[in-house]
Amino acid sequence: MSSIGWIDFDEQERERAQRLMQLFTEQEARDELGLGAIRDSIADHLFPGTSTVQTRLRYMLFVPYIFSRLPRERSSKEIADQIRNDQLRLRDALVANEEKSGVIGVNAGAKLKRLPASVYWAGLETWGIRRFSGSIDAYAASLPSWPTNIGKDHDDDDHGAGRTVPTPWHPRLPKPPKDMLEKTSFALTDEEAGFVVDRLVDSNPDSLLAFLAKNGLQADSEHIWSHPHLSMFPGRARGLVEHASIFSDVMYGAALQYNLLLSQLRENEQWIENYSKAIKKWQQDFDLARLKCWPIEDFWEEIRHPAHRVQDPTRRFVIEWMDLVRTSGALKRDASKAQSLVKDRERRLKKAQSRFTNRAARDRWQGSSGAYRLQFRWSQANRHLQDLARG
C-alpha cells in the first residue's frame, strides 16, 4: 500500500505538506491525467487564497475571530481543545440562525474532522489576514509564550511607539461579534466587507479576484470566461482567462475519452452511451479555429507560478493532445491515436495502479473521474463575491 509522509523540518514545510494532503480530498483535485499543476497555477493567479473546499466568505473572519480571543494562560492542549470546541459552537450558532447553505460540519456532529480553520488557514495568510506563519498546531503551542504587548488595534496606534512584536492577525481585523458563538450568520457587516476588500487589494493587487471584489462584479456565469463583464477585466487577467478557457475546452475532450475507455472496459452500456454522447457534443461545440490560433508558448509563460511546477511530461502530453485535436478535427479522425495517448498518459502516472492494467483498481471505479470542464475555482470565488455583495 502506498503512503505519503514528511519530516517536520520547519513550520513552513509542514504547512505545505498539510495543504498537499488536503488537496487529495478536494473534489476538483481528481487529477487522472496529471493536469493539477496547470489547473492550480491558473487558479492561484486568478483567485489566490481560495480552495475547492471553501464554502462561505465569512469564515475568513470567523476563524481569526475565534483564534484572536483565545486565552494565553492555558496549556497548549487546552488551547487546542478550545479551538476545536469553539469551531463546533460556531457551527451550532450558524444552524441556530437557520443558515441553510455552506455550514461546515452541519451533519457531522462532534465527529467533524475538517474544521473551518484547516480549510481557510492557508487562504488567510494569502489574503494578508493571518500574519502568524506557522501551522494551527504551532499557533496553539506557541500562544502561552507570546508577549502581552501585541494587542494594539492598528499599526498607527501611538504612532507605532514601542511596537516591536508583530500581531498574529492583521491589526485592523474587526472586533468579533459578541454573540458569535450563540447565534450568527454569514452576512458580513459593512466594516467586515471593507476589511476583506482592502486585504485582497493589498495582498494580491494584480489578481482577478481583487479586481472583481473591489468593483462588486459577481455574476451567475458557470465559468469565468462567460462573465458578463469580461471586457472590463484588466488586460493580463483577461488574457489568462482566455488561456484558461481554451485549455479547459481542449482537455475536456481528454477527460471524456478517459471515462469512455474505462466504461468500455467495464462493459457498462449506460456509461458508454453517456460518454459517447458527451464526446459528440464536445466535438460539435469545439472551436477549432480558436485552437489553431492559440499561442501555446505564451500560455506556458503566463501560467508560471512559484507554488506549482509543470513537469516536462505534462507539457508534452498537453501539446501532443492539442496537436491531435487540431489535426483530427476534434477527434473526428484518428480516434485510436487519442485513445492511445490517454491510456499511455494514465499508465505513466499511475504505474501499477493504472485502471487500464490493474483489474482491481478498475473494478473499484464508479463510472466518473474528472469528467468535467475545469473551472479553476471560479464557483468558490464567485460564492465569496456574492457574499461580499450581500454584506
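A residue is counted as buried when its relative accessible area is under 20%. By this criterion, 50% of the 391 residues of the protein chain are buried in the model, which is a predicted one. The secondary structure of the chain consists of 16 helices and zero strands. Among contacts in the chain with a separation of 6 or more, 72% are accounted for by residues 24 or more positions apart. The accessible surface of the protein chain amounts to about 19,800 Å², and carbon and sulfur atoms contribute 47% of that surface.

The packing of two helices was then examined. Two packed helices are described by the angle between their axes and by the distance between the axes. For helix α2 (residues 36-46) and helix α9 (residues 235-266), the axes come within 11 Å and cross at roughly 155°. Angles over 145 degrees count as roughly antiparallel, and α2 and α9 are therefore roughly antiparallel to each other. Their crossing is left-handed. On the side of α2, the contact is made by Ile-38, Ile-42, His-45 and Leu-46; on the side of α9, Arg-236, Ala-237, Leu-240, Val-241, Ala-244 and Phe-247 take part. Classified by residue type, the contact of α2 with α9 comprises eight nonpolar, one polar and one charged residues.

Helix α9 also contains Ser-245. The relative accessible area of Ser-245 is 6%, a value under the 20% limit, and Ser-245 is therefore buried. When neighbours within four places in sequence are left aside, Ser-245 is in contact with Trp-225 and Arg-290.

How values were computed: Residues numbered from 1 in each chain as written. Predicted model: local features only at pLDDT ≥ 70, side-chain atom pairs only at ≥ 80, totals over all residues. Heavy atoms only, no water. Axes fitted to C-alpha atoms, helices over the stretch in contact; angles between N-to-C directions. Helix = DSSP H or I, 4+ residues; strand = E, 2+ residues; numbered from the N terminus. Parallel < 35°, antiparallel > 145°, perpendicular 65-115°, else oblique. Left-handed = near helix turned anticlockwise from the far one by under 90°. Contact = heavy atoms within 4.5 Å. Nonpolar A, V, L, I, M, F, W, Y, C, P; charged D, E, K, R; others polar. Buried < 20%, exposed > 50% of the residue type's maximum accessible area, 1.4 Å probe, protein only. Areas by Shrake-Rupley, 256 points an atom, 1.4 Å probe, with all protein chains shown as cover.
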